[in-house]
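Reader: I am new to reading protein structures. Could you walk me through this one, step by step?

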Amino acid sequence: MSWAGPDDIFLSTSLATYLDKKLLVLLRDGRKLLGLLHSFDQFANVVLEGACERVIVGNLYCDIPLGLYVIRGENVVLIGELDLEKEELPPHMTAVSETEIKRAQKAEREATDLKGSMRKRMEFLDFD
């Protein structure tokens, strides 16, 4: 087993191998950002060039352009390189406008809230 010496600055676990490549960044709040890795530092703070947020609701999706985007490292959950030769999304996914996806997000959030409130109301029925 060989150990990396001081001259080996581009280790396989380093983000340096992903510079100028298209990445998917998953954030703690669940958002998914796509863009070219422009820069990074030792705290995993990253700068994405040509970034967009991919919003997916059911079979609908929308890429909301963000431009040059700085992400604080403590918010990063996962960083992965996208294979440009493969299709990014399954064929059943439908691209929609930003207003349509926001409407779908709102409906999904309201349905989740309703489900939670119904569950609270039904707690008195002990199903165990």
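This is a predicted model: local features need pLDDT of at least 70, side-chain atom pairs count only at pLDDT 80 or more; totals for chains, interfaces and linings use all residues.

Reader: Where does Arg54 lie, and which residues does Arg54 touch?

Author: Arg54 lies in strand β3. Leaving out residues up to four places away in sequence, Arg54 touches Lys32, Leu34, Tyr61, Cys62, Asp63, Glu88 and Leu89. With one of these, Asp63, there is a polar contact of 2.7 Å between the side chains.

Reader: What about Glu53: is that residue buried or exposed, and what is the nearest side chain of opposite charge?

Author: Here the thing to check is the distance between opposite charges. Glu53 is also in strand β3. Glu53 is buried yet has no salt bridge, and the nearest side chain of opposite charge, that of Arg31, is 4.2 Å away. A salt bridge would need the charged atoms within 4 Å. Not counting residues up to four places away in sequence, Glu53 touches Arg31, Lys32, Leu33, Cys62, Asp63, Ile64 and Leu66.

Reader: Now let me step back. How many helices and strands does the protein have?

Author: There are one helix and six strands. Reading from the N terminus on, the elements run β-β-β-β-β-β-α.

Reader: In what order do the strands stand in the sheet?

Author: First the general idea: strands of a sheet pair through backbone hydrogen bonds, either parallel or antiparallel. In this protein, six strands form an open sheet with the order β5-β1-β2-β3-β4-β6 and mixed pairing. At the edges stand β5 (76–81) and β6, each with a single partner strand, so one side of each has no neighbour in the sheet.

Reader: How many bridges join β3 to β4, and do they run parallel or antiparallel?

Author: Strands β3 (residues 46–57) and β4 (residues 60–71) run antiparallel and are joined by 10 bridges. To find your place in this pair, look for Ala51, which stands opposite Gly67 in β4. The hairpin of β3 and β4 has two residues between the strands, and Gly58 takes a positive phi near 65° there.

Reader: How far apart in sequence and in space are Leu82 and Leu34?

Author: Leu82 sits in the loop between β5 and β6. Leu82 and Leu34 are 48 residues apart in sequence, and 8.8 Å apart in space from C-alpha to C-alpha. Leu82 is in contact with Leu34, and also with Lys22, Leu23, Leu24 and Glu88, leaving aside neighbours within four places in sequence. Across the protein, among contacts between residues at least 6 apart in sequence, 48% join residues at least 24 apart.

Reader: Finally, what does the accessible surface of the protein come to?

Author: The accessible surface comes to about 9,600 Å², and 54% of that belongs to carbon and sulfur atoms.

Technical notes
Residues are numbered from 1 along each chain as its sequence is written. Side-chain values use heavy atoms; hydrogens and water are left out. Two strands pair if DSSP finds at least two bridges between them. Helices (H or I, at least four residues) and strands (E, at least two) are DSSP runs, numbered from the N terminus. Contact means heavy atoms within 4.5 Å. Accessible areas come from the Shrake-Rupley method with a 1.4 Å probe; for residues, only the protein chains shown count as cover. Buried means under 20% relative accessible area, exposed over 50%, partly exposed in between (1.4 Å probe, protein chains only). Lys and Arg count as positive and Asp and Glu as negative; His and the chain ends are not counted. A polar contact is a pair of N or O atoms within 3.5 Å; within protein, one must be able to donate a hydrogen and the other to accept it, and residues adjacent in sequence count only if both atoms are side-chain atoms.
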